[in-house]
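Visitor: I am new to this structure. Could you please take me through its main features?

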Amino acid sequence: MLIDSRLRSVHKDRTDADPDPEQEDLARQLISSLGPTGLDDVLDGACTLIFLYVKWLREAHEAHDKDVIEYVVPSLVTTLRRMTRSIPPEAIPTMSGMVIAAAIGLSPTLWRQQYGDWKKMELTPLEATAFLLAEHINRITEDPDFATRMITEALSQAEAE
């Protein structure tokens with residue numbers, strides 16, 4: 001829902017230099033209420049979003065005989081590099097590595113575990129990566145709610161099973 005909220009704020013022309021203080025406060029309250037294991041669940045959830053988004057992108061690209069790594073990763077890296085105020089350059093290889101791992105069918109969570117615990121400076125890049133992938137899907141489908149609906153449907157199917 002955090003990614004959906006970010007997408008909606010961007011599409012409402014909320015391009016302020018500073019994020020919405022109310023939204024930031026709600027996110028902080030949510031994270032602080034989760035505790036250490038809850039935060040791990042949020043991080044795993046973000047990695048799962050990345051995996052599902054990249055899986056969809058891989059299938060869409062393969063349907064046109066294109067390689068998702070060739071067409072998605074360079075634009076993701078370029079965009080992350082342009083986000084100099086919130087994305088430290090040293091986090092970009094980790095984010096692109098996770099996307100590449102997902103593109104070849106590996107779990108981003110399991111791939112990331114080989115490097116130890118998450119660092120605080122990686123949290124915003126992780127959120128940005130999920131956001132940028134969702135936005136990429138929405139642009140491809142020309143539907144501003146497609147990525148959110150895709151995840152909602154996946155969750156509904158998982159609950160039904």
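**Pocket, buried residue and core**

Guide: The second largest pocket has a volume of about 240 Å³. Asp40, Leu43, Gly116, Asp117 and Trp118 are the closest to its centre among the 13 lining residues. On a 1 Å grid over the protein atoms alone, a pocket is an open set of points where a 1.4 Å probe fits, with protein on both sides within 12 Å along at least five of seven lines, and lining residues have an atom within 4 Å of a point. This is a predicted model, in which local features need pLDDT of at least 70 and side-chain atom pairs count only at pLDDT 80 or more, while totals for chains, interfaces and linings use all residues. Residues are numbered from 1 along each chain, and side-chain values use heavy atoms, without hydrogens and water.

Visitor: Which helix gives the most to that pocket lining?

Guide: Helix 2 does, with 4 residues; helices are DSSP runs (H or I, at least four residues) numbered from the N terminus.

Visitor: Arg58 is in helix 2 as well. Why does Arg58 count as buried?

Guide: Arg58 counts as buried because its relative accessibility is 18%, and buried means under 20% relative accessible area with a 1.4 Å probe, protein chains only. Beyond neighbours within four places in sequence, Arg58 is in contact (heavy atoms within 4.5 Å) with Val68, Ala102, Ala103 and Gly105.

Visitor: How many residues has the largest nonpolar core?

Guide: That core has 33 residues, and Ile50, Tyr53, Leu80, Leu126 and Leu133 have the most contacts inside it. Such a core is a set of buried Ala, Val, Leu, Ile, Met, Phe, Trp, Tyr and Cys residues joined through side-chain atoms within 4.5 Å.

Notes:
Points joined across faces, edges and corners; volume = space filled by probe spheres on them. Helix = DSSP H or I, 4+ residues; strand = E, 2+ residues; numbered from the N terminus. Buried < 20%, exposed > 50% of the residue type's maximum accessible area, 1.4 Å probe, protein only.
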